[in-house]
Amino acid sequence: MTSREADNPQAIQDSAVAWRLAVDAYQRDDILLAYDLARPHVGAHGGQMLNFWHSIEAEWRTRMALRMASVAADITVEWPADLEPDPVDLEQVREAREDVAERFGWQPSAPLTICLLDPRLDVRWFPYRGGYYTNRGSHHKIVLPGGLLGYDEFGRALSHEIAHSMVEERAGGLCPIWMNEAVAQMADRTSTRGAWRRFQSHLWTWLEPRELDQAFGANRLDDPGQRVLRAYMQACLIGQWLARRGPNPGERQLGATLDAFTDNGLWKDLWLRIRGYTAADEAIRQVFGLGEDELFRLAQPAGGTSAEDEG
Ligand SMILES: [Zn+2]
């Protein structure tokens, strides 16, 4: 809170209203309006909005450059001044979505915008290391650091965030964070060899379903125990375990599990809640025949060989 605000309740209310409108504009991807609304109130609420402001400002800088290309009928890439993507990079975007759709048995329905950020921006404030995905109402938006262009990490970040857009379309808000991140890491082909050994030897603690979801909420910048990174690894190990189970290609089974979140009628949903099943419980039961708790027990690393060695 600035001193101007401290003396003036009206100013506090004005900035609250401005921020609410700015958030609405951001969620519609009207970045220019979000920027104009939020800019006079950046320091409001004791600076609590600062990280969000940095996202608005970074995406605004790209939008202002007016540089964009369609790489498919429903995929747009936009980039900032002083960053010229190679045609190969643009092709990679189209291929990444085709690859995720093919592997997980998905037919994308909403358009996708990829926003590359000015590489000169310091992205320490990023909520996720490689970029982030957000639902902007009429379309998906994926924001990636422009500095990734030309590195393998660009393709991995694309696959990861595109998978999040798939989870959003197929399971909506019902999918728990652990499963969302499990699917995204299957998509980006994360390796878990070292993590498997650490969970197996109990150097790292294997968490229960709700504990695991909470671990993703730990503050990444203030996380000496690397709780968040371990949460990602545990989620990925569970996803890999599921993908090895069952007759169909495992990634297709995971895709079918996402669909199972939203295919219940109202009465079935009610019945499941009365029985104490969560949405994830029910979806996993439907496809794999076991509940969330049982899955976590079975997927816990044990024995003498890593999951990846088993094939
Ligand atoms: Zn993710």
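Strand E4, residues 132-135, pairs with strand E5, residues 140-145, in the antiparallel sense over 4 bridges. This is a predicted model. Across the pair, Asn135 stands opposite His140 in E5. The hairpin of E4 and E5 has 4 residues between the strands, and Gly137 in this hairpin takes a positive phi near 80 degrees.

**The sheet**

E4 and E5 belong to an open sheet of 5 strands, whose order is E1-E2-E3-E5-E4 and whose pairing is mixed. Its edge strands are E1 (67-72) and E4, each of which pairs on one side only. On average, neighbouring strands of this sheet are turned by 20 degrees against each other, direction ignored.

At the E1 end of the order, E1 and strand E2 (residues 75-79) pair in the antiparallel sense over 5 bridges. Thr76 in E2 is the bridge partner of Ser70. Helix H6 packs on the sheet and touches strand E3 (112-117), E4 and E5. The direction of H6 makes about 160 degrees with that of E5.

**The contact of H5 with H6**

Helix H5 (residues 87-104) also meets helix H6 (residues 152-171): their axes come within 9 Å and cross at roughly 50 degrees. H5 is therefore oblique to H6. The crossing in which H5 passes H6 is right-handed.

On the H5 side, the contact is made by Gln92, Val93, Ala96, Arg97, Asp99, Val100 and Phe104; on the H6 side, by Phe154, Gly155, Leu158, Ser159, Ile162, Ala163 and Met166. The residues of this contact divide into 9 nonpolar, 3 polar and 2 charged.

How values were computed
Residues numbered from 1 in each chain as written. Predicted model: local features only at pLDDT ≥ 70, side-chain atom pairs only at ≥ 80, totals over all residues. Pairing = 2+ DSSP bridges. Helix = DSSP H or I, 4+ residues; strand = E, 2+ residues; numbered from the N terminus. Axes fitted to C-alpha atoms, helices over the stretch in contact; angles between N-to-C directions. Parallel < 35°, antiparallel > 145°, perpendicular 65-115°, else oblique. Left-handed = near helix turned anticlockwise from the far one by under 90°. Contact = placed C-beta atoms within 7 Å. Nonpolar A, V, L, I, M, F, W, Y, C, P; charged D, E, K, R; others polar.
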